[in-house]
Amino acid sequence: MVVTARQTRLHPAWVAAGVAFVALLCAAGFRAAPGVLMVPLQEEFGWSRGLVSLAVGVNLVLFGLTAPFAAALMERFGVRAVVSVALLLIAAGSGLSVGVTSSWQLVLLWGVLIGLGTGSMALVFAATVANRWFVRRRGLVMGVLTAASATGQLVFLPVVAWMTERSGWRAASLVVSAAALAVIPLVQLRLRDSPAELGVAPYGAPADPPVDTSPPSSAPAATLPVRGPTTGDRGGSEPAPEGPARRALTTLAVAARTRTFWALAVGFAICGASTNGLIATHFIPSAHDHGMPETTAAGLLAVVGVFDIVGTVASGWLTDKVNPRLLLAAYYSLRGAGLLMLPALLSDSLHPSIIVFVVVYGLDWVATVPPTAALCREAFGEAGSVVFGWVFAAHQIGAAVVSVGAGVIRDTTGQYTMAWVGAACLCLVAAFVSTRVGRPAEPLSP
C-alpha cells in the first residue's frame, strides 16, 4: 500500500532533503579553505598566487567535470553509495594535505582528490534529490539545498581563518577532514535513493501508482532519449544496459545539439567565474592587499553566506512562480553592477559601503541555480539532472579559468582591478544570453 503525505506527519521527502542539506553543508567546508590558506601557503613555501590558484583551478575543473558522471552514477549505484564515497575522498584529501612539501602534492590533493570528491556531490546531488523526491516545492527545495552547498563554503570561512590564525593551516585542514567523516554515518542510516524504496510517492505526486522518479540506467530519459546498443543478436529489441559514463556522454552529445544547452552553459560558466572563481578564491587575498586582516575579510564572506541562504531560498520560491529566464537576467545584471563598484570599496577597514556590497552579493550569490536547474528540467525532462551536471561542469570550468587568470593578473599587475572589471562585463553578457534560452523543443534522437 502506498503511504501518502496525508498519512504521515512528515513526508520522507523532507528527511531526504534534510540529510542532503547537512551533507552538502559539511562537504562545503574544504571549498572554503583555499581563499583563507592561499596567503599562509605563499608565506610558508614561497609559492606565487598563480601557482596556488592552479591547484584551486584543477579542483574547480574536476569539481565540475565529475558532476555529470556523478549524476549517472547515482542512477546506477544509488545516491547513498556515491555520496558516502565522495565524503571519504574529501576527508582523505583534506587530511593528507597537512603533509605537503611541494606544489605538485598540493595540486594532487587539493586539485585531483578533493575535486573528484566534491564534484561527486556538488549541485547535481541537490538536483537529483529535488527531482526524485519532490513534485511540489521542487524549486524551493532546490533553493534550500543550493544554499547549503554555497553557504557552507562561506560560513566555514571564519572557522577556517580562526583555526589557521590560532593553530596553523594544517589544523584547519584536519577539522575539515573530521567534519566530512562525521556525516557518512548519517548518510548511510537516513538517506534513501528514491521514494519507491520506501513505498511512497514523491512529495506532491498522486498517491497511486507509486512514482519512482529515478530512471534506471537502462532506460532512456523522458524527453532526451539516449539509447544504448540493442540486443538484436539475442532475439530481443530492448536496449542493453548503459553504463553511467556512456549515459553521461551520450546525454551530452544529444543536448549539445540544442542552442538551449549552450545558452545555459555559457551563462552558468560566467556564474562560476564571478563567484567560486573570483570572489570565493580571491576576495580575501585582495582584501589583504588593501591592508584588511584575513579574519575580517573571511567574516565578510561569511556574511555573503548568511544572506545567500535568504537569496537562494527566495530564488527557489520565485522559480516556481516567475519565468526563470527573467530571474537569471536580473541576477546577472545585479552581480555585474556590484563587481564594477568593488575596486572602489576595498580598504583596510570595514565601512558601510563594503557591508552593503556583501549583503547584496550574498542575496545574488547562487540565486542563479534554481532557475537554471528548472530550465534544464523544462527543456530535457528526466535527463535534466544529467544535463544540469554538464551545465554545472561549464560553471566550474568558468570558475577555474578565472581563478587562475585572476591570480596571474595579480602577479603581473600587482592588483585585481582588471579581474573585477572583466568579470563585471561577463555578467552583462550572461544576462543577455539568459534571455535567449529557448523553449523546450520536440524530443531529440541521438
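Which residues form one aromatic cluster? Trp14, Phe134 and Tyr203 form it.

## About the model

This is a predicted model, in which local features need pLDDT of at least 70 and side-chain atom pairs count only at pLDDT 80 or more, while totals for chains, interfaces and linings use all residues. Residues are numbered from 1 along each chain as its sequence is written, and side-chain values use heavy atoms, with hydrogens and water left out.

## Aromatic pairs

The structure holds nine aromatic pairs, where rings of Phe, Tyr and Trp (its six-membered ring) pair if their centres lie within 6.5 Å, and planes under 30 degrees apart count as stacked, over 60 as edge-to-face and the rest as tilted. Phenylalanine 45 and tryptophan 47 are stacked, because their ring centres are 4.3 Å apart and their planes are at 10°.

Phenylalanine 45 is partly exposed, with a relative accessible area of 24%, whereas tryptophan 47 is buried, at 10%; buried means under 20% relative accessible area, exposed over 50%, and partly exposed in between (1.4 Å probe, protein chains only).

## Valine 58

Valine 58 lies in helix H2 (residues 49–77), where helices are DSSP runs of H or I with at least four residues, numbered from the N terminus. Valine 58 is partly exposed, with a relative accessible area of 22%.

Leaving out residues up to four places away in sequence, valine 58 touches Val107, Gly111 and Val112, contact meaning heavy atoms within 4.5 Å. The C-alpha atoms of valine 58 and valine 112 are separated by 6.7 Å, although these residues are 54 residues apart along the chain.

Note on methods:
Helices (H or I, at least four residues) and strands (E, at least two) are DSSP runs, numbered from the N terminus.
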